[in-house]
Each structure stands twice: as C-alpha cells, then as structure tokens.
Amino acid sequence: MENKYKEGQEVYAKENPSLKLIIRRYVDRIYYCTIKKEPKLKELVYFERELLSDALAI
C-alpha cells in the first residue's frame, strides 16, 4: 500500500486541524486537497506526514 489516504477521503492538516479537506488526487507522494466548504478555491498540497484522518488525533 503506497498511499495512506484515498481519493475523496476527508482529512485535516496538522497545521490547521479545524479546516476539513478532501483528498482530490495522490501523485508522487503528494496529496492534492480541496477545502470541503470551498471546493472552488485553490488546491492545497500536502505530504502524507502533514495530514491527519481525525482532527482529534493531535
């Protein structure tokens, strides 16, 4: 298993756990995410180590 999170999964960034993100794409160890409430805004890019699947896991 290469990637931990699947496309369409809801995740949170460690830097801002109150912001819900949706995994749009995974390419070359980089996750491309959209903001759940504002999907038309610019995509955010994260490495796996910067993401959490549960905001309370900090």
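This briefing covers the sheet, the nonpolar core and the aromatic contacts of the structure above. The model is predicted. It contains an open sheet of five strands with antiparallel pairing, in the order S4-S3-S2-S1-S5. The largest nonpolar core has eleven residues, and ring pairs link Tyr5, Tyr26 and Tyr31 into a cluster.

**Sheet**

- Strand S4 (44-47) and strand S5 (51-52) stand at the edges of the sheet; each has a single partner strand, so one side of each is left without a neighbour there.
- The antiparallel pairing of S2 and S3 runs over six bridges.
- Two residues lie between the strands in the hairpin of S2 and S3, where Asp28 takes a positive phi near 50 degrees.
- S3 and S4 pair in the antiparallel sense over four bridges; here Phe47 in S4 is the bridge partner of Ile30.

**Nonpolar core**

- The members of the largest core are Tyr5, Val11, Ala13, Leu21, Ile23, Tyr26, Tyr31, Cys33, Ile35, Tyr46 and Leu51.
- Strand S1 (10-13), strand S2 (16-27) and strand S3 (30-35) are the elements that give two or more residues to this core.
- Tyr5 is buried, with a relative accessible area of 2%.
- Not counting residues up to four places away in sequence, Tyr5 touches Val11, Ile23, Tyr31, Glu48, Leu51, Leu52 and Ser53.

**Aromatic rings**

- Two aromatic pairs are found in a search of the whole structure.
- The ring centres of Tyr5 and Tyr31 are 5.6 Å apart and the planes are at 70 degrees, so this pair is edge-to-face.
- Because Tyr5 lies in the segment before S1 and Tyr31 in strand S3, the pair ties together parts that are 26 residues apart in sequence.
- The rings of Tyr26 and Tyr31 form a tilted pair, because their centres are 4.6 Å apart and their planes are at 45 degrees.
- Tyr31 is buried at a relative accessible area of 0%, and Tyr26 is buried at 17%.
- Arg49 lies over the face of Phe47, at 4.8 Å from the ring centre.

**Thr34**

- Thr34 is found in strand S3 and counts as buried, at 13% relative accessibility.
- Leaving aside neighbours within four places in sequence, Thr34 is in contact with Lys20, Leu21, Ile22, Arg24, Pro39 and Glu43.

Note on methods: Residues numbered from 1 in each chain as written. Predicted model: local features only at pLDDT ≥ 70, side-chain atom pairs only at ≥ 80, totals over all residues. Heavy atoms only, no water. Core = buried A, V, L, I, M, F, W, Y, C linked by side-chain atoms within 4.5 Å. Buried < 20%, exposed > 50% of the residue type's maximum accessible area, 1.4 Å probe, protein only. Contact = heavy atoms within 4.5 Å. Pairing = 2+ DSSP bridges. Phe/Tyr/Trp six-rings, centres within 6.5 Å; stacked < 30°, edge-to-face > 60°. Lys NZ or Arg CZ within 6 Å of the ring centre and 35° of its normal.
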